[in-house]
Amino acid sequence: MELQNTVKEALNALYHHPDDSVRMQADRWLQDFQRTIDAWQVSDNLLHDATSNLETLIFCSQTLRSKVQRDFEELPSEAFRPLRDSLNTLLKKFHKGPPKVRTQISIAVAALAVHVPAEDWGDGGIVKWLRDEMNSHPEFIPGFLELLMVLPEEVFNYKIAARQERRRQFEKELTSEMEVALNILTACLNINELKEQVLEAFASWLRLRHGIPGAVLASHPLVLTALSSLNSELLSEASVNVVSELIHYTTAGSSGGASVQIPLIQVIVPQVMNLKVQLRDSSKDEEDVKAIGRLFADMGDSYVELIATGSDESMLIVHALLEVASHPEYDIASMTFNFWHNLQVNLTKRDAYLSFGNEASIEAERNRRLQVFRSSYESLVSLVSSRVQYPEDYQDLSYEDLKDFKQTRYAVADVLIDAASVLGGEATLKILYMKLVEAVASCGNEEHNEWRPAEAALYCIRAISNYVSVVEAEVMPQVMNMLPKLPHQPQLLQTVCLTIGAYSKWLDAAPGGLSIFPSVIDILMSGMSISEDSAAAAALAFKHICDDCRKKLCGSLDGLFHIYHRAVNGEGNFKVPAEDSLHLVEALSMVITELPPDHAKKALEALCLPVVTSLQEVVNQGPEILDKKVAREFTVHIDRFAYIFRYVNHPEAVADAIQRLWPIFKAIFDVRAWDMRTMESLCRACKYAVRTSGRFMGITIGAMLEEIQGLYQLHHQPCFLYLSSEVIKIFGSDPSCANYLKNLIEALFSHTTCLLKNIREFTARPDIADDCFLLASRCIRYCPQLFIPSAVFPSLVDCSMIGVTVQHREASNSILTFLSDIFDLAKTSPGEQYQSIRDTVIIPRGASITRILIACLTGALPSSRLETVTYALLALTRAYGMKAVEWAKDCISLVPLTAVTEVERTRFLQTLSNVATGADINTLTVSMEELSDVCRRNRTVQEIVQGALRPHEFVASFWVGQLRDCLSVLFFFFFLSGFHYLGFFIFPFFF
């Protein structure tokens, strides 16, 4: 009784106390209470208590539902029947009570049925038990109907801590009782006020996709009731849900598929088609129209393979879907977009025609179908293209509305691509070009004339650029001739620039491409001058043109450099943001790549000059001032060097450039080594210099490695490790570099293992852990001869064992990949000869590594890491055979049978045995996933498993955390009771 009162007081504090901190404490206390064994009895008592208020009832019903779902195993087996009876009593008590409470209790009963097999439930299983209860207590039918509705939904509820095997068995139990359930629902149809609830429950049972013959359903009273409700004045949401589920049901594999369900399809389709006239009925409620549109979209998605045959009947559905696509409300029209994509795939992919035999028959049928649907896709292009037009009040749009508008444009672009796949790029282009002509005619040259239709047409033309032939000579020349005549309105100019960039390949191939370039460049320069958005678009277009037309532009470097200098130096009225100026750097770099080596070297110097000048001015201000500057004053210039080194593909010229630049880089390394952002930028530039120059770098690479090796000892920047991994990749196999690379990796790894001595340090420095083990993997792949025999290899393996359970995703994945690479050493010819050295390190640690990996598999790491963990464990097994199986057997035996049964252990170990004897790893991951699910099925089980597998050195820290949680709860209890002073004395004593 005392605990019940405390729950009430905590709920009162949570909902009504004015102090936020008290409410937070109350919330935490209640959450902790929900995990206790006492929560069962307390919640049940309060639900039966007539004095409990609504807040208490909702909380307790949620708690009881959660306990049944997640913690049913806490209860002794004999507690099942009293629990079932109590829940049944509550279901009757609240059959007209608060809906939220009734729903939670219904879900609790359904979850209980998931846990308890039909033979243990008694009365023939839950469905028959429910039928008998409804017959015995007809006054409680509304509450029981809700239970009947949620029952099949729990098949797919993975919050329930049931084993996969039991979940599959429960689904079979329900499908075997489908007829009983439908009979109950049919009988309830006679109660008029329950009709909606009955249909919702029917829709729920249909989601099981059980194979009831189409002929039976076609004449079933529930189906006929739902179909007849479609024609009522007020469209029933429940009937729409039923018909929607019936449509999906007819094509589900478990129901036999469309061919078996033809009788049902023949009943459904005409009834839905009768709704077509309502799509344009202005008197219809928008929600009703949306529901009708949904049914047509469901038919299209479900019957797309039948529709793709192009029969007269299927074309009626296509015309109806065009009607939906034409609806002025985007939310309704867009329901059809998925259908148009799936239809396009069916029409264009060769696999859809394999049944027609030889190539000639396949091609003939494909052409016939494409011709049948041609006019539909032409209409679709006209219908959707206008939806990308900016609204008149676009300047007043909120951030969320603008985001939605952009998403609309992306979705329409995808539809246009689907249309171009069916019609061909040129045919689609002609339709859109006519839209552009109409728009340009109304656009004029005055500043305030209507620009939005022209922008929309150009956006659509840009969207299909990849589907228009580079030799198209009818429409694109006219489009390009129109562009200079358009007004320089910012949004329009932005789209003009992006369109030019999208057709850069066409500009390169066009016979008159050179004559078009001057006007195109003028447009781009205007774009760089109008607004930051148009400047960014112009810079991107400039990059695409220089990439695709680089050979033609080699003779125009002076003009390109003029634009580049203006943009980089911010001269004149150019408004190119610093980030977007990188497109211009990349553009010039790609053109320089096409030059002969001598010319390229001079051009590279000219490309570097404005960047060097700016950076040198910063460096010349001296160390004291350099140390105080913001990182951006360095990175804006260094990032440009990174792009130059990355895209100028002249190794000797880049090596010469980095050698001349090294004094500047070294000065920045020396003064700003504490600044992560500047160091990341500088290491990125060095990385691309190393990647491009390779062995041409000469003495510069030695100076660079010496610099980062020394600075890493002082500043621990992760990017120094990343740069080193790039060096290992390029120079790892070079014998002449062996000595300094060996010294490098030993120094870096020795220092890193000193930084990462426990899991807390991994958590505090995840980037270092990530880049350290990425470097280690690179060493295994590119220089095992230096790494495996070294003194740091064993200590790094020990380090990986400590940090593998770090919760940082990238760091954990890097460590797991490192371990997998060690186990897979024999798969690479350079590494094969070092297996014996590896084994002397791994075998003594094998049992511990296996234990840690199984702990990761069963809950120490999130389930999103399951694939990487599984591969590491299976790779270990493949490398060490039955020895690894024995390690795993010893580990899994530590887990109590209450958490993992003997059958589940045996299945897991058998999988490992199969791997040890040479089975394909890829075929054996299912049992790993099942063991993971079993061990994660609820918090209690997960704690039991992790407690059993946790290495001893982690146990103390675990219990300290538990103690801290207990004291927090105790403090709150005293706070509620008014004994504030006790908390004051307790906490200083322990902390």
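**Aromatic pairs and a buried threonine**

T700 counts as buried, because its relative accessibility is 4% (buried means under 20% relative accessible area, with a 1.4 Å probe and protein chains only). The model is predicted: local features need pLDDT of at least 70, side-chain atom pairs count only at pLDDT 80 or more, and totals for chains, interfaces and linings use all residues. Residues are numbered from 1 along each chain as its sequence is written, and side-chain values use heavy atoms, with hydrogens and water left out.

T700 belongs to helix α40, residues 699-715 (helices are DSSP runs of H or I, at least four residues, numbered from the N terminus). Residues up to four places away in sequence aside, T700 touches I658, Q659 and W662 (contact means heavy atoms within 4.5 Å).

Rings of Phe, Tyr and Trp (its six-membered ring) pair if their centres lie within 6.5 Å; planes under 30 degrees apart count as stacked, over 60 as edge-to-face and the rest as tilted. This rule gives 22 aromatic pairs. F669 and F720 form a tilted pair, at 6.2 Å centre to centre and 55 degrees between the planes. The pair links distant parts of the chain, 51 residues apart: F669 lies in helix α38 (residues 651-672) and F720 in helix α41 (residues 718-731). F669 is buried at 0% relative accessible area. F720 is buried, also at 0%. The pair of Y880 and W887 is tilted because the ring centres are 5.9 Å apart and the planes stand at 50 degrees. Both Y880 and W887 are buried. Ring pairs also join Y390, Y394, F405 and W451 into a cluster.

Terms used:
Helices (H or I, at least four residues) and strands (E, at least two) are DSSP runs, numbered from the N terminus. Buried means under 20% relative accessible area, exposed over 50%, partly exposed in between (1.4 Å probe, protein chains only).
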